[in-house]
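Let's take a walk through this protein together, starting with the whole and then moving to a few of its parts. Keep the structure open as you read.

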Amino acid sequence: MRQTNLDEFLQLEEENKKLESKIKEEVRKNQEKEKVLVEQSKMASMGEMLSSIAHQWRQPLMEINSLFIPIEAKAKIENTVNKKELLTAIEKLNEITNYMSNTINDFRNFFSANKQKHKFNLSTQLNSVMNILSTSLKENNINIEIVVKKNPEIYGLKSEYSQVLINIINNAREILILRKVKNPLIKITIDKKEDTAVVLIEDNAGGIKIANIQDIFKPFVTFEKSNGTGVGLFMSKVIIEKNMNGYLDVTNSNNGALFKIITPLNLTENN
């Protein structure tokens, strides 16, 4: 009888070891899958950013060209250039090149390899994101309404938080264009509720038209005729909920989709 119990115990122990080994293997596989998703998300974001750089710089380059065409013509025809006109053009040139330099800084910060966490101001970070996206939004006549009720600081990875904002705003932009919404609008609200920072991003495109709205956060899932990879919103949820101990949710409001980004204020270097 004792031998039987011992055999059963040893068999059970062996089965537990096999189960533990299987669990470790599945965890490893899931970690590998997540790494692939992260890299795909980065590549997709890089493509969007390069496209945005082209949009952002096209108009300034055209302005620079238009500044000096008449000056060049006068120099060739009259063999002289008005000093005041030249100084005015140079002053305007400085403004344009400063703008282009700031744009590059915004992109460089977005793709920063620095993974150290910092305190950062939400409205400042949103302004940086809007500098990146403004041209593509204007080209499609999409109005942006920003409401700052309270302006909290949070602690985390600035570039990753920017990626979340860009993913959600780009998602709204695409659906507004796709549905040809009249007077398209994206409203962004920054607020603070007790010990959390809250960012709301709402569009007026009519809402997310699927049975289970939470499916938009699943990897490799795209809806309607999106050209995306289906990893942007998935990674946004990972960044907010796993990397920043926050919460990312979406609901349908009266006008359209409403994304809610909630992050704790009590994150410190010791957490």
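Of the protein's 271 residues, 36% count as buried. Bear in mind that this is a predicted model. The protein exposes about 16,800 Å², and carbon and sulfur atoms supply 52% of that area.

What is the chain built from? There are five helices and seven strands. As for contacts between residues at least 6 apart in sequence, 72% of them join residues at least 24 apart.

Now for the helices. Two packed helices are described by the angle between their axes and the distance between the axes. If you want to find the place where they touch, look on the H3 side for residues including Leu122, Leu126, Val129, Ile132 and Leu133, and on the H4 side for residues including Tyr161, Leu165, Ile166 and Ile169. Sorted by class, this contact of H3 with H4 has 11 nonpolar, four polar and two charged residues.

H4 has another partner, helix H5, which covers residues 232-243. Here the helices pack at an angle of about 145°, with their axes 9 Å apart. This time the crossing is left-handed. H4 brings Glu160, Tyr161, Gln163, Val164, Asn167, Ile168 and Asn171 to the contact, while H5 brings Gly232, Leu233, Ser236, Ile239, Ile240 and Asn243. By class, the residues where H4 meets H5 divide into six nonpolar, six polar and one charged.

Finally, have a look at two loop residues. Asn141 sits in the loop between H3 and strand E2, which spans 143-148. Asn141 has a positive phi of about 55°, although it is not a glycine. Is Asn141 buried or exposed? With a relative accessible area of 58%, Asn141 is exposed.

The other residue is Lys180, found in the loop between H4 and strand E4, which runs over 185-193. Its phi is near 50°, again a positive value in a residue other than glycine. Lys180 has 72% relative accessibility, so it counts as exposed.

How values were computed
Residues numbered from 1 in each chain as written. Predicted model: local features only at pLDDT ≥ 70, side-chain atom pairs only at ≥ 80, totals over all residues. Heavy atoms only, no water. Contact = heavy atoms within 4.5 Å. Helix = DSSP H or I, 4+ residues; strand = E, 2+ residues; numbered from the N terminus. Nonpolar A, V, L, I, M, F, W, Y, C, P; charged D, E, K, R; others polar. Buried < 20%, exposed > 50% of the residue type's maximum accessible area, 1.4 Å probe, protein only. Areas by Shrake-Rupley, 256 points an atom, 1.4 Å probe, with all protein chains shown as cover. Axes fitted to C-alpha atoms, helices over the stretch in contact; angles between N-to-C directions. Left-handed = near helix turned anticlockwise from the far one by under 90°.
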